[in-house]
Amino acid sequence: MISIELLLKHMAWANQGIYKAVQKLDDEVLDYYIIDPEWHIRRILIHTVYAAHAYEQRLAGVEPKPIELKNPDSPEVIDELLEHLERIDTAALKYVDMEDRDIHYKIDGEPRTTKASTLLSQMVFHSAEHRAQVVAALDDKGVRDINLDSFAVFGYVSQQ
Amino acid sequence: MISVEVLCKHMAWANQEIYKEIQKLDEKVLDYFIIDPEWTVKNIMIHIVGAAHIYGGRLNKEPFSKFTLENSESSEVINELLEHLERLDSKFIENSQMEDEEITFTTSKGERSAMASTLLSQMIFHAAEHRAQIIAALDKHNERSINLDDYDVWSYVAKN
C-alpha cells in the first residue's frame with residue numbers, strides 16, 4: 001500500500017512555506033478575500049490551524065481543547081500559527097504507521113466515531129484546499145508573489 | 001499503516017461531483033478566471049485531467065501517449081473529461097494498494113524517475129488544489145452554487 005506519510009510531510013512543509021510567504025507580504029493582504037468578507041486570508045489561515053488541531057486531538061484521543069491565540073487580530077498571529085502548525089503537523093506523522101481503527105470522540109457532547117484514515121485524509125485535504133484559497137485571494141488582488149506550483153509535492157520531494 | 005486509499009476514492013468522487021455541478025451552470029462560467037486569462041475554469045478542468053493522464057501513465061508504466069480531446073473548445077468537453085476521470089481515477093484507487101517503488105519514465109527532457117508514492121501523492125494534491133481554484137474563480141464572479149464544504153472527505157465518507 002502507498003502510505004499517507006508523504007502527503008503529511010508535504011502538508012507540514014507547504015503549511016510552513018506558505019504561511020511564511022504570506023508573512024513577508026504587506027499586512028493589508030490579511031484582509032483580502034475573494035467574495036465573502038467573512039473569509040479573509042487571516043481567517044482562513046486561523047481556520048486551517050484550528051481544524052488541524054481538532055483533528056489531531058481526536059486522533060490523540062484527548063478531550064479537544066480549543067487553541068487560544070494571543071494576537072488573533074494582528075499580523076503577529078502568523079508567528080503563533082506557525083508554532084501551532086509545527087506541533088500539530090509533527091504530531092500527525094505519529095499516526096501514519098498505526099492500523100486503521102475507529103476513533104471515538106464528542107462534538108458538542110454528541111458521541112461520534114470516525115476512522116483514523118478519514119481524519120488524516122481530511123486533515124491533508126482541508127489544508128491543501130485552504131492554502132489554494134489563500135493564494136487565490138492574493139491573486140485576485142494582483143499579489144502574485146506566491147506561486148502554488150512551488151509548493152507541490154514534486155517541490156517538496158526535490159528539496160529533501 | 002494508513003494509506004492514501006481514502007484520498008484516492010475521495011478524489012475520484014469529488015472530481016465527478018464538481019465537474020457535473022459545473023456542467024449544470026451556464027456555459028459562460030467556463031471562461032471565468034481569477035487573474036490570469038490563460039487559466040480559465042475550462043483550462044483548469046482540462047489541466048487536471050491532462051496531468052492525471054500523464055501521472056497515471058507513469059504510475060502504470062504505460063508508454064507515453066498524448067492527451068487529446070475531441071471537443072476542447074466547446075462545453076461538451078466536460079462529458080469527455082468525466083469519462084477520462086472515471087477511467088484514470090479508478091486506476092489511481094488500484095494504485096493505492098501497490099507497493100511503493102521507483103518508477104522510470106521518459107519526459108521531453110529525457111529519462112526521469114520518481115517513487116510511486118510521489119506520483120500518487122502529487123496526483124491527489126494537484127486535483128484538490130485545482131478544484132479549489134475552480135471554485136474560487138466561480139466565487140469571484142459571484143457564481144456561488146458550488147460549496148466546497150460539500151465535497152470534503154467528511155462528505156465523501158458520509159455518502160459512501
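Two residues are in contact here if their C-beta atoms, placed from the backbone, lie within 7 Å. The model is predicted, so local features need pLDDT of at least 70 and side-chain atom pairs pLDDT 80 or more, while totals for chains, interfaces and linings use all residues. Residues are numbered from 1 along each chain as its sequence is written, and chains are lettered from A and ligands numbered from 1 in the order in which they are written.

**Stop 1: the A–B interface**

Select both chains. 36 residues of chain A are in contact with 36 residues of chain B. On the chain A side, the elements giving two or more residues are α1 (5–23), α4 (116–140) and α5 (153–158). Helices (H or I, at least four residues) and strands (E, at least two) are DSSP runs, numbered from the N terminus. Colour α4(A) next: the largest share of this side, 16 residues, comes from there. By class, the side divides into 22 nonpolar, nine polar and five charged residues. Ala, Val, Leu, Ile, Met, Phe, Trp, Tyr, Cys and Pro count as nonpolar, Asp, Glu, Lys and Arg as charged, and the others, Gly among them, as polar.

**Stop 2: the largest nonpolar core**

A nonpolar core is a set of buried Ala, Val, Leu, Ile, Met, Phe, Trp, Tyr and Cys residues joined through C-beta atoms within 7 Å. Buried means 20 or more other C-beta atoms within 10 Å of a residue's own, exposed means 12 or fewer, and partly exposed is in between. The largest core has 84 residues, of which A:Leu7, A:Val124, B:Leu120 and B:Ile124 touch the most other members. Helix α4 (residues 116–140) of chain B gives the largest share of this core, 14 residues.

Now centre on A:Leu7. Beyond its neighbours within four places in sequence, A:Leu7 is in contact with A:Val124, B:Val4, B:Ser121, B:Ile124 and B:Phe125.

**Stop 3: α2 and α3 in chain A**

Show helix α2 (residues 41–60) and helix α3 (residues 77–92) of chain A. Their axes come within 10 Å and cross at roughly 30 degrees. Axes are lines fitted to C-alpha atoms, for helices over the stretch in contact, and angles run from 0 to 180 degrees between N-to-C directions. α2(A) and α3(A) are therefore roughly parallel. Angles under 35 degrees count as roughly parallel, over 145 as roughly antiparallel, 65 to 115 as roughly perpendicular and the rest as oblique. The contact of α2(A) with α3(A) has 11 nonpolar, two polar and two charged residues. Among those meeting are A:Leu45, A:Ile46 and A:Val49 in α2(A), and A:Leu81, A:Leu85 and A:Ile88 in α3(A).

Stay on helix α3 of chain A and pick A:Glu83. A:Glu83 is exposed, with 11 other C-beta atoms within 10 Å.

**Stop 4: α2 and α4 in chain B**

Switch to helix α2 (residues 41–59) of chain B. Its axis and that of α4(B) come within 10 Å and cross at roughly 175 degrees. That makes α2(B) roughly antiparallel to α4(B). Their contact has 16 nonpolar, five polar and one charged residues.

**Stop 5: two positive phi angles**

Go to A:Asp108, in the loop between β1 (102–107) and β2 (110–115) of chain A. A:Asp108 is not a glycine, yet has a positive phi of about 50 degrees. With 5 C-beta neighbours inside 10 Å, A:Asp108 counts as exposed.

Finish at B:Asn142, in the loop between α4 and α5 (153–159) of chain B. Phi of B:Asn142 is also positive, near 60 degrees. B:Asn142 is exposed, with 7 other C-beta atoms within 10 Å.
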